[in-house]
Amino acid sequence: KGEILTGISLFGFEKTRHIVKNHVVASDPGKIREIVRAETGSDGPDGVSLDGRSMLVRRTKRVDFECVVRGYITGSGWKEYLKSGGICGIPLPSGLTEAQKLPEPLFTPTSKADEGHDESVTFGDMVSALGPALAEEIKAKSLALYRFAAGYSAARGILLADTKFEFGLLDGELILIDEALTPDSSRFWDAAVYRPGTSPESYDKQYVRNWLERSGWDKASPPPQLPAEVVTRTSEIYGQALRKLTS
């Protein structure tokens with residue numbers, strides 16, 4: 001899983017560099033060791049532990065919001081829509097069905113919790129916390145990243161239902177950090193079998209979520225051990241995402 005997420009993130013960071021800078025310095029183990037040696041006089045971790053599953057990045061001042069963009073109504077957004085007719089304080093047309101494409105992508109940030117679950121907030125909350133200029137820049141970059149990635153993945157038979165980005169400030173400049181467009185941070189659907197009004201099969205961790213929902217877990221106690229077949233199938237799903245997105 002670490003190799004797959006690292007590979008897709010590096011691919012996503014490179015593909016979106018024209019939209020916003022990112023925190024990646026190097027991913028090649030030899031290059032990482034060379035930089036670390038120059039900075040510290042030590043080679044750092046051995047190459048085997050780094051190969052394919054690590055990247056050297058710039059340290060930033062993290063923006064404490066997760067920047068979620070939704071192109072389709074599904075998951076928690078669908079549940080919220082059924083209750084309130086909107087998502088994160090944004091009203092939506094009546095009569096939408098589950099997994100339907102939204103008229104326009106929605107920017108729906110959440111709080112960034114170090115412990116516990118992230119909580120949905122409004123864009124107004126984000127403006128109050130960060131100031132209007134930075135909040136507007138983050139929203140614009142997030143929507144631009146989503147639109148580019150959605151178009152790119154659609155050309156490869158995958159619908160990008162929603163995704164989240166994280167940003168940091170480096171010498172006052174906003175840059176993309178953390179991961180980018182992975183099955184852990186995105187919801188990918190197979191365009192060939194997608195049907196509105198259903199919960200589509202996905203190339204992401206929704207498969208694990210679905211198993212946990214069926215398991216009877218109370219979501220308060222420690223989660224149950226995943227059966228071997230669930231682990232294997234999850235690996236297969238993530239591998240399919242990697243191959244389809246990066247060829």
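Hi everyone. Let me start with residue classes: Ala, Val, Leu, Ile, Met, Phe, Trp, Tyr, Cys and Pro count as nonpolar, Asp, Glu, Lys and Arg as charged, and the others, Gly among them, as polar. What you see is a predicted model, where local features need pLDDT of at least 70, side-chain atom pairs count only at pLDDT 80 or more, and totals for chains, interfaces and linings use all residues. Residues are numbered from 1 along each chain as its sequence is written, and side-chain values use heavy atoms, with hydrogens and water left out.

On a 1 Å grid over the protein atoms alone, a cavity is a set of points where a 1.4 Å probe fits but cannot get out, and lining residues have an atom within 4 Å of a point. Grid points are joined across faces, edges and corners, and a volume is the space filled by probe spheres set on the points.

How many cavities of 30 Å³ or more are there? The count is 1. The largest cavity holds about 140 Å³. Its lining has 13 residues, with Phe11, Ala149, Tyr152, Leu181 and Leu245 nearest the centre. Helix 1 (2-15) and helix 6 (132-154) are the elements giving two or more residues to that lining; helices here are DSSP runs of H or I, at least four residues, numbered from the N terminus. By class, the lining of the largest cavity splits into 9 nonpolar, 3 polar and 1 charged.

Finally, tyrosine 207, in helix 7 (residues 206-215). Leaving out residues up to four places away in sequence, tyrosine 207 touches Glu229, Val230, Arg233, Thr234 and Ile237, where contact means heavy atoms within 4.5 Å. Thanks, everyone!

How values were computed
On a 1 Å grid over the protein atoms alone, a cavity is a set of points where a 1.4 Å probe fits but cannot get out, and a pocket is an open set with protein on both sides within 12 Å along at least five of seven lines; lining residues have an atom within 4 Å of a point.
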